[in-house]
Amino acid sequence: MRRSAALLTAFAMVACGDSPGAGPEGPVAPPLPDSIVWLPDVGAVVARAERARFVADIEVLAAFGDRTQGAPSNIAAAAWIEQRLVALGYEVERHPYLYRGAPRESLFATKVGAAEPDKMYIVSAHMDGRGGGGAADDDASGVALVLEVARVLALADVSTERSVRFALWNNEETGLNGSTAYASDRAPLQGIEDPPASGRYPEPTWLGMIQHDMILFDHGLPPGPQQSVNADVDVEYQSASAFAGESQTLADVLRQGNREFGVRYPASVGSNMRNTDSWPFRNLVASVSVRENERVAEIGAGSNPHWHQPTDVFSTYDDSDFDLGFAALRTTLSAVAQLSGARIVP
Ligand SMILES: [Zn+2]
């Protein structure tokens with residue numbers, strides 16, 4: 001199998017980044033130097049993303065209500081997500097599991113890599129919500145990001161060398177049940193060609209996992225009425241994990257992508273990823289979360305007054321909030337385009 005320059009570039013950086021020092025909340029690795037040589041078409045691919053589509057998808061999803069797992073709103077929203085992916089040309093697959101004895105499912109769709117269909121990045125968010133509002137930020141925003149990245153990579157003239165899977169988890173709010181079930185059920189299937197000699201890989205080998213969960217609201221801590229002048233995109237990995245070095249490297253690809261292709265808002269890398277669907281993957285593959293704020297130090301300390309509240313509805317957020325979410329979208333898209341080897345093919 002051909003080794004890709006993009007992959008080697010990304011993973012060569014691990015050598016500079018895997019000597020963490022001890023901080024008050026565990027080991028904190030020093031920042032990695034900017035070192036990525038961007039593939040020629042990454043900018044053109046990122047430019048295909050449309051802010052208006054991203055915002056419109058948040059509005060539609062939030063209008064279903066909070067999408068509590070198993071509720072009619074959850075089922076209706078999942079059906080809408082499936083229709084959207086089918087309309088983009090994807091085959092939508094399901095991962096069934098049981099939650100307290102009741103059947104539930106997550107959805108996924110895959111852009112198959114032209115050169116290495118047996119390897120993939122996972123780009124994800126959670127379909128379910130809570131709080132009695134519209135779960136607009138948590139996590140319609142993440143789902144809308146995944147749908148727009150999926151739309152761009154599905155365009156007829158966009159090709160990737162490696163596969164990219166778009167996963168929409170269910171039961172995040174009840175304890176990461178959908179993503180946990182997927183990680184344990186499907187980890188053993190990685191890289192297996194099935195049927196044999198078919199060229200099909202139901203579970204391509206995982207190269208990295210990027211989860212998106214609450215990407216709109218950075219009004220500082222304590223939160224003010226307006227967006228913080230220091231608003232940023234927070235990319236977190238877990239320093240206490242088996243893939244800490246690889247995860248830090250993946251986070252840094254997003255940080256550098258944000259610097260090169262993000263809009264207006266910088267990205268910060270933190271080392272305490274927790275409480276979202278990338279968690280079950282942390283000891284299996286390079287895993288990061290993308291958020292509006294650090295989960296523990298900021299969101300956990302009250303940075304978002306709408307979190308799990310009836311006020312987490314579309315109308316709560318303004319243009320600056322959607323700008324921040326769109327910066328997160330461009331950040332992820334740049335990293336995924338680079339790592340998957342995306343090209344515009346005439
Ligand atoms: Zn969430």
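Reply: S163 is found in strand β7, where helices (H or I, at least four residues) and strands (E, at least two) are DSSP runs, numbered from the N terminus. The model is a predicted one, in which local features need pLDDT of at least 70 and side-chain atom pairs count only at pLDDT 80 or more, while totals for chains, interfaces and linings use all residues. Residues are numbered from 1 along each chain as its sequence is written, and side-chain values use heavy atoms, with hydrogens and water left out.

With a relative accessible area of 1%, S163 is buried; that word stands for under 20% relative accessible area, exposed for over 50%, and partly exposed for what lies in between (1.4 Å probe, protein chains only). Its side chain reaches the backbone nitrogen of G113 at 2.9 Å. Not counting residues up to four places away in sequence, S163 touches T110, K111, V112, G113, E116, P117, K119, M120 and Y121, contact being defined as heavy atoms within 4.5 Å.

V164 is also found in strand β7 and counts as buried at 0% relative accessibility. V164 and V123 are 41 residues apart in sequence, yet their C-alpha atoms are 7.2 Å apart in space. Leaving aside neighbours within four places in sequence, the residues in contact with V164 include A109, T110, K111, M120, Y121 and V123, as well as L153, V336 and S340.

F166, at 0% relative accessibility, is buried too, and this residue takes part in one of the twelve aromatic pairs that the structure holds. Rings of Phe, Tyr and Trp (its six-membered ring) pair if their centres lie within 6.5 Å, with planes under 30 degrees apart counted as stacked, over 60 as edge-to-face and the rest as tilted. The rings of Y90 and F166 have centres 5.7 Å apart and planes at 70°, so this pair is edge-to-face. Because Y90 lies in the loop between α5 and β3 while F166 lies in strand β7, the pair ties together parts that are 76 residues apart in sequence. Y90 is itself buried, with a relative accessible area of 7%.

Since F108 lies in strand β4 and Y182 in helix α7 (residues 177-186), the pair ties together parts 74 residues apart in sequence. F108 is buried, with a relative accessible area of 1%, and Y182 counts as buried at 1% relative accessibility. F108 and Y182 also belong to one aromatic cluster with W169, W206 and F281.

W169 leads on to strand β5. S124 lies in that strand and is buried, with a relative accessible area of 0%; a polar contact of 3.2 Å joins the side chains of S124 and W169. Such a contact is a pair of N or O atoms within 3.5 Å, where, within protein, one must be able to donate a hydrogen and the other to accept it, and residues adjacent in sequence count only if both atoms are side-chain atoms. H126 lies in strand β5 (residues 116-126) and is buried, with a relative accessible area of 0%. The side chains of H126 and D138 are joined by a polar contact of 2.9 Å, and W169 is among the residues that H126 touches beyond four places in sequence, along with E172, E173 and D277.

Just after the helix, G89 takes a positive phi of about 105°.
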